[in-house]
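Morning, everyone. Please bring up the model on your screens. I'll take you through it step by step.

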Amino acid sequence: MEQQILLQAKIAFFLGNFNKVLEIWQQNDYDDDYYYFLVSRALIAARELKPKFIRLTKKPSSKLLEITDIVSRFMCPLIEQQKSETTIDEDRKQIEDVLKKLKDIIPNQNQNKKIIQIICAYMSVNSCEAQYALQLEMPKDAFQQELLYLQFMIYLRGRRFDLAESTLLDLRRFDDEDILTYLAQIYLNLYNGQPEQAYKSIQETKDRFGDSSKLMNLMITCLIHQNKFEEAFELGQKVKTLIIDNEQFSDRQEIEICLSNLIILSELLNKQQQKEEYIQVLEQINKSCHFLKRYQEKVKKIEQLS
């Protein structure tokens, strides 16, 4: 029963269904560090986004508060640094500074060492210090499984498909039916330029675990790569209704991806008025997100050339 609680929370978290994570936590008592690591990230997102349909009535345990404090202090700079008026290079420098602080405190934090290590890995994915994440070793548990997934994403972003495929095999050996294994297969297909196969993998994931805003966003990416812009735009509007109207409480990243896709598609389909509306909504949520920075730089260059 307890392992089932952890499994349900993990599936909900990695599909971006944060409302489901908090619902599971409020209905169950389960003491596990990795479970608290999942819940803490959903709690922090709820505090930041203030979704309309979430009412938190349960008092967090001292252990959950401790883990949430660590995640808030060291993982939230990944969120906070995107809110300030900084360049992408400055963002990366801020991440590297936090990563250095984290690495310095690991020897003195035995109890929460695994949590701090995996936060380091997240920092590494977003900085030029990816080698640090690749050197981490953990016992075979849920923390190590998520770390393997992060290593896989690092290899993909570095276009090292041979190492990514090898790490996917490690994930399969760990648990062939796990949500992270399914997601890794989707991303491998996408990065390999196989949107049709990625779309098929997403359908398999939906059949296995249920639908979510994250899977819908990935479907939109597949459709864009297949030049199916009208179909992608229609699905994007459905995702916007689902998560912007707070019917489903999602990771802010999924909200930003949804709006970024709609801005691109509006431009491709010559829907100028809707494009401006989506830009305004994205600016209200996070006017300094990386997509907007890149988009505004592109517009500025075009204006200079014209």
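How are α15 and α16 oriented to each other? Keep that in mind while I set the ground rules. This is a predicted model, where local features need pLDDT of at least 70, side-chain atom pairs count only at pLDDT 80 or more, and totals for chains, interfaces and linings use all residues. Residues are numbered from 1 along each chain as its sequence is written, and side-chain values use heavy atoms, with hydrogens and water left out.

Back to the question. Helix α15 covers residues 252-268, and helix α16 covers residues 272-286. Their axes come within 9 Å and cross at roughly 160 degrees. An axis here is a line fitted to C-alpha atoms, for helices over the stretch in contact, and angles run from 0 to 180 degrees between N-to-C directions. So α15 and α16 are roughly antiparallel to each other. On the cut-offs: under 35 degrees is roughly parallel, over 145 roughly antiparallel, 65 to 115 roughly perpendicular, and the rest oblique. The crossing of α15 and α16 is left-handed. That term applies if the near helix is turned anticlockwise from the far one by less than a right angle; clockwise would be right-handed.

Who meets whom? On the α15 side, the residues include Ile255, Leu259, Leu262 and Ile263; on the α16 side, they include Tyr278, Ile279, Leu282 and Ile285. The residues of this α15 and α16 contact divide into nine nonpolar, four polar and four charged. Ala, Val, Leu, Ile, Met, Phe, Trp, Tyr, Cys and Pro count as nonpolar, Asp, Glu, Lys and Arg as charged, and the others, Gly among them, as polar.

Now the whole chain. It has 17 helices and zero strands. Both are DSSP runs, numbered from the N terminus: helices are H or I with at least four residues, strands E with at least two. Of the 306 residues, 50% count as buried. Buried means under 20% relative accessible area, exposed over 50%, partly exposed in between, with a 1.4 Å probe and protein chains only. Take contacts between residues at least 6 apart in sequence: 66% join residues at least 24 apart. Contact means heavy atoms within 4.5 Å.

Next, the inside. The largest nonpolar core has 87 residues, and Phe14, Tyr35, Phe37, Ile119 and Phe152 touch the most other members. Helix α3, residues 33-49, gives the most to this core, with 11 residues. A nonpolar core is a set of buried Ala, Val, Leu, Ile, Met, Phe, Trp, Tyr and Cys residues joined through side-chain atoms within 4.5 Å. Zoom in on Phe152. Not counting residues up to four places away in sequence, Phe152 touches Ala164, Thr167, Leu168, Ala184, Tyr187 and Leu188.

Is lysine 10 buried or exposed? Lysine 10 sits in helix α1, residues 2-14. At 5% relative accessibility, lysine 10 counts as buried. Beyond its neighbours within four places in sequence, lysine 10 contacts Tyr34, Leu38, Gln145, Asp178, Ile179 and Leu180. Lysine 10 and leucine 180 are 170 residues apart in sequence, yet 9.2 Å apart in space, C-alpha to C-alpha.

Asparagine 189 next. Look in helix α11, residues 179-191. At 4% relative accessibility, asparagine 189 counts as buried.

Asparagine 227 lies in the loop between α13 and α14, and asparagine 270 in the loop between α15 and α16. Asparagine 227 is exposed, at 57% relative accessible area. Asparagine 270 is exposed too, at 66%. Why look at their backbone? Most residues other than glycine have a negative phi. Asparagine 227 has a positive phi of about 60 degrees. Asparagine 270 also has a positive phi of about 60 degrees.

Helix α12, residues 195-209, and helix α13, residues 213-225, pack at about 160 degrees, with axes 9 Å apart. α12 and α13 are therefore roughly antiparallel. Their crossing is left-handed. By class, this α12 and α13 contact has nine nonpolar, three polar and one charged residues.

Then α14 and α15. Their axes come within 9 Å and cross at roughly 145 degrees. This crossing is left-handed as well. The contact residues of α14 and α15 divide into 12 nonpolar, three polar and two charged.

That's my tour. Over to you.
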